[in-house]
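Visitor: I would like to learn how to read a protein model, feature by feature. Could you begin with the helices and then move on to the cores?

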Amino acid sequence: MTIGFVVNDIKTEKPNYSTIFLAQRMHNQGHTVYLMGVGDLAYYPDGYMGATAVQADPKHKYKALATYLEAIQGDKANRVRVTAPDLDVLMLRNDPSSEGEGRGWAQNAGIIFGQLAIRHGVIVLNDPTKLSDAVNKMYFQHFPEAVRPRTLITRDKDEIKEFFNEQKNNIILKPLQGSGGSGVFMVKKDDSTNLNQIVEAISRDGYVIVQEYLPEATEGDVRLIVMNGEALQHEGKYCAIHRVTGKDDIRSNLHAGGSTQAAKVTQTMLDLVELVRPKLIQDGMFLVGLDIVGNKLMEINVFSPGGLHDASEMEGVDFSVPIIAALERKVHYKNTYEAQINNRTVAMI
């Protein structure tokens, strides 16, 4: 199997990232693995999309993730032009909301080049047509109301104040676009002093998401990985991590000061998976991360869900195994049926 991983920028990848974890495992199994940043993507005169990709030494197996990443990022990495006909699978692992100032061009690059790859028989995951609907948090509102906290999305200060007054507890405010806990604020029920300033700061860049505060959030959240519409399991264990908030910080995102510990996956969490499953299947969302607080979802990460390495370490099982097996199965189906089944169907079988 030949697979390409699209990331924001190869230089910013880290050893514990889920993409590097999957790439190293697949490389060591003998699969051909290419990594490419969105800036490396291209459309060539022969009519194919492709990229100038990097590849670790195919003759060498890498015991450590750091060593594999060094082989990818170093001067000795094999740099090669690949085009759609060279690939069986293209995994879009770049996060549009993580692109910094001056890289607006990169936000949709993976999606539009992924759509081109489908035309030439490449399996593209997650499905890029539906990923285009998920470039901001509004995508979350398309899932059943039962799984979401009570939410208002607006730029109107008065509507936000009215929502705040209706709540019996604190509220959470965050921008419609962005991820990783950036720009997330909590306004306490007994202290709305800074509400106007927070709304003004967030609304400068667009819409404000206002949500009811879930008291269970003080205990952090659980990132549960879902594959093919089902909670990912291997050897009887679930791929999940419990992300604990940092001291004096409402955000449990790891690069926002949070830490991880083993997660207990409850029936309530599995019920949430069942509720979002039809929509994930319909949209061809092969691998996603659900962020769960209490009996609600706080976010659905469909672009670059992390936690595979941490969950594998904590649970003592290798969660790349069922993912790689699923990818191999999809390639088999695609080779068997060719154009008779579309990308969204292949993504979820």
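Visitor: Which residues of helix H1 are buried?

Guide: Buried means under 20% relative accessible area, with exposed over 50% and partly exposed in between, using a 1.4 Å probe and protein chains only. By that rule Ser18, Thr19, Ile20, Phe21, Leu22, Ala23, Gln24, Met26, His27 and Asn28 are the buried residues of H1, so that 10 of the 11 residues in this helix, which spans 18–28, are covered. The model is predicted: local features need pLDDT of at least 70 and side-chain atom pairs pLDDT 80 or more, while totals for chains, interfaces and linings use all residues. Residues are numbered from 1 along each chain as its sequence is written, and side-chain values use heavy atoms, with hydrogens and water left out.

Visitor: What do the buried residues of H1 pack against?

Guide: Contact means heavy atoms within 4.5 Å. The buried part of H1 packs against strands E1 (2–7) and E2, and against helices H2 (65–73), H8 (308–315) and H9 (320–337). Just after H1, Gly30 takes a positive phi of about 100°.

Visitor: How do H1 and H2 cross?

Guide: Axes are lines fitted to C-alpha atoms, for helices over the stretch in contact, and angles run from 0 to 180 degrees between N-to-C directions. Under 35 degrees counts as roughly parallel, over 145 as roughly antiparallel, 65 to 115 as roughly perpendicular and the rest as oblique. The axes of H1 and H2 come within 10 Å and cross at roughly 90°, and these helices are therefore roughly perpendicular to each other. Ile20, Phe21, Ala23, Gln24, Arg25 and His27 of H1 meet Leu65, Tyr68 and Leu69 of H2.

Visitor: At what angle do H5 and H6 cross?

Guide: Helix H5 (157–166) and helix H6 (195–203) have axes that come within 11 Å and cross at roughly 130°, and they are therefore oblique to each other. From H5 the contact takes Lys157, Ile160, Lys161 and Phe164, and from H6 it takes Leu195, Asn196, Val199 and Glu200. The spacing can be read with a general rule: an α-helix has 3.6 residues a turn, so residues three or four places apart point the same way.

Visitor: Is Ile3 buried or exposed?

Guide: Ile3, which lies in strand E1, counts as buried because its relative accessibility is 0%. Ile3 and Thr32 are 29 residues apart in sequence, yet their C-alpha atoms are 6.3 Å apart in space. Leaving aside residues up to four places away in sequence, Ile3 touches Met26, Thr32, Val33, Tyr34, Leu87, Val89, Met91 and Leu327.

Visitor: How many residues does the largest nonpolar core have?

Guide: A nonpolar core is a set of buried Ala, Val, Leu, Ile, Met, Phe, Trp, Tyr and Cys residues joined through side-chain atoms within 4.5 Å. The largest has 47 residues, and those with the most contacts inside it are Met36, Leu90, Leu290, Leu297 and Val302. Elements that each supply at least two residues include strand E2 (32–37), helix H3 (109–119) and helix H7 (267–283), and H7 gives the most, with six residues. A second, separate core of 44 residues includes Leu125, Ile241, Ile323 and Ile324.

Methods. Helices (H or I, at least four residues) and strands (E, at least two) are DSSP runs, numbered from the N terminus.
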